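Please read it with the structure open.

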2 protein chains.
Amino acid sequence: MNILVSNDDGIQAAGVRCLAAALAQIGGHQVTVVCPDRERSATGHALTLHKPLRLEPVREGFPPEVQAWACSGTPSDCVKLGLDGLLQHRPDWVISGINQGANLGTDVLYSGTVSAAMEGLLEGIPSLAVSLASFTHQDFQPAAQVVLTLLEKLSLKPLEKPMLLNVNVPPLGLAEIRGMVLARLAWRKYTDLYEKRVDPRGKAYYWLAGEVVEEEVDPCSDVRAVAEGYVSITPLQPDLTAYAAFDSLQQWGLSAFGSGLEGAL
Amino acid sequence: MNILVSNDDGIQAAGVRCLAAALAQIGGHQVTVVCPDRERSATGHALTLHKPLRLEPVREGFPPEVQAWACSGTPSDCVKLGLDGLLQHRPDWVISGINQGANLGTDVLYSGTVSAAMEGLLEGIPSLAVSLASFTHQDFQPAAQVVLTLLEKLSLKPLEKPMLLNVNVPPLGLAEIRGMVLARLAWRKYTDLYEKRVDPRGKAYYWLAGEVVEEEVDPCSDVRAVAEGYVSITPLQPDLTAYAAFDSLQQWGLSAFGSGLEGAL
């Protein structure tokens, strides 16, 4: 298999190095890594349009059979450039991660990790976004093992069509993880508090300091699954259309385009 | 009404100035503008976590009754900071735009304009993302008039619950616009070509140069509606869960969390 790996924590991050090493160990995989040259968390789907991108080969920290590159762009840039500018053949998988920190619920909108994997799906390539649900827990081995297990199962029994699976692994040893489950994204709310401070020159500045509010967590959600010790797996798609609102907007007075009633409003 | 305005083209952009002036003209609205201090197109939902944010008041180019601020962050930062750090009262609307250039189909994933409006919806505030579907057409007046018309209709007959409406206005005079229609997001594909070039120092660089592929455009989509001279209106939501894939993943072997069958895989 031909695998393109990226992340948003940057090429120096322990998570992507652990993932690349695990994928290379299995053998038979051609692993290419293209990661941002520095941390690019919370960059969402940002793309670099107005500046050129650079690619630098990176040897240190990766097995010799892995081709690794540091890219001056965002996670989305890395995958786009990897697919178009670097790889001779379309990869079988795009895998983004292993991220240090969860990517759960509506937070995936902000996630560079998920955005990198979404670039794969937008090109019709099956993709995984993999996150270790802790900012401090340093052992990425169980999450890497989850990826290998998933890839093995998926190669034995492929999915009907390309999907992006968002995978969050609880910060536990392999033996303590209770299994993999299908879960939907939670709606995450934050207190969104900005701290207003004054700099040494007497000028005000603001720093985002919000905390997640975990009240009333949806019992079928990814947030809850990970909190209970499961690996949560959520299929994601790129269409933000709120189809559920169509009826209500038609009653309100808008005609659906293509219905023959266009322009009533 | 209390309206928070943002954009991704930056505080200097003609589109946001035209919008702010139109909103202020109506009277009775308290309009606060918080925009990036420079162009921030294609930044997606990027958030600034690791740096402080600055706010500077801007007078020039806005009517005296409009409070306008330039923010050092992304469009999402602008709305978050506007809501939490600046406004004393929760606004009735968050309006993002008027963007120079369309935000149609799956492209909305990359759109700073849409992301700013999504921040409003995530806080439960009705929001509009408004784009003029041309990179060159400079007359924002018809699009501003569309916003005023929509706001008037929505205040006379409010929607059942807060929504984010993504509004794309064709680059036509008001009399030529054929009406407003409800349309779903198209799946936009690009050729995604990176041009590889060599800099004056002999080093390679890459520049994104892809063009949109408009073959087989969904006849009920926003792309088609705008191409035919309609204002397209698409309700958007923040949940990327691919619910349609749940059945197929359960058949594949994953148990749904909350079903009592957890951990079968």
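In which crossing does α1(A) pass α4(A), left-handed or right-handed? Point 4 answers.

1. Ground rules. This is a predicted model: local features need pLDDT of at least 70, side-chain atom pairs count only at pLDDT 80 or more, and totals for chains, interfaces and linings use all residues. Residues are numbered from 1 along each chain as its sequence is written, with chains lettered from A and ligands numbered from 1 in the order in which they are written.

2. The sheet. The order is β3(A)-β4(A)-β2(A)-β1(A)-β5(A)-β6(A)-β7(A)-β13(A)-β8(A)-β14(B), an open sheet of 10 strands with mixed pairing. Helices (H or I, at least four residues) and strands (E, at least two) are DSSP runs, numbered from the N terminus; strands pair if DSSP finds at least two bridges between them. β3 (55–58) of chain A and β14 (255–256) of chain B each have a single partner strand, so one side of each lacks a neighbour in the sheet.

3. One pair. β1 (residues 2–6) and β2 (residues 30–36), both of chain A, run parallel over four bridges. A:Asn2 stands opposite A:Gln30 in β2(A).

4. Helix on helix. α1(A) passes α4(A) in a right-handed crossing (near helix turned clockwise from the far one by less than a right angle). Contact residues (C-beta atoms, placed from the backbone, within 7 Å) include A:Cys18 and A:Leu19 of α1(A), and A:Val147 and A:Leu148 of α4(A). By class, this contact has seven nonpolar, one polar and no charged residues (nonpolar: Ala, Val, Leu, Ile, Met, Phe, Trp, Tyr, Cys, Pro; charged: Asp, Glu, Lys, Arg; polar: the others, Gly among them).

How values were computed:
Two residues are in contact if their C-beta atoms, placed from the backbone, lie within 7 Å.
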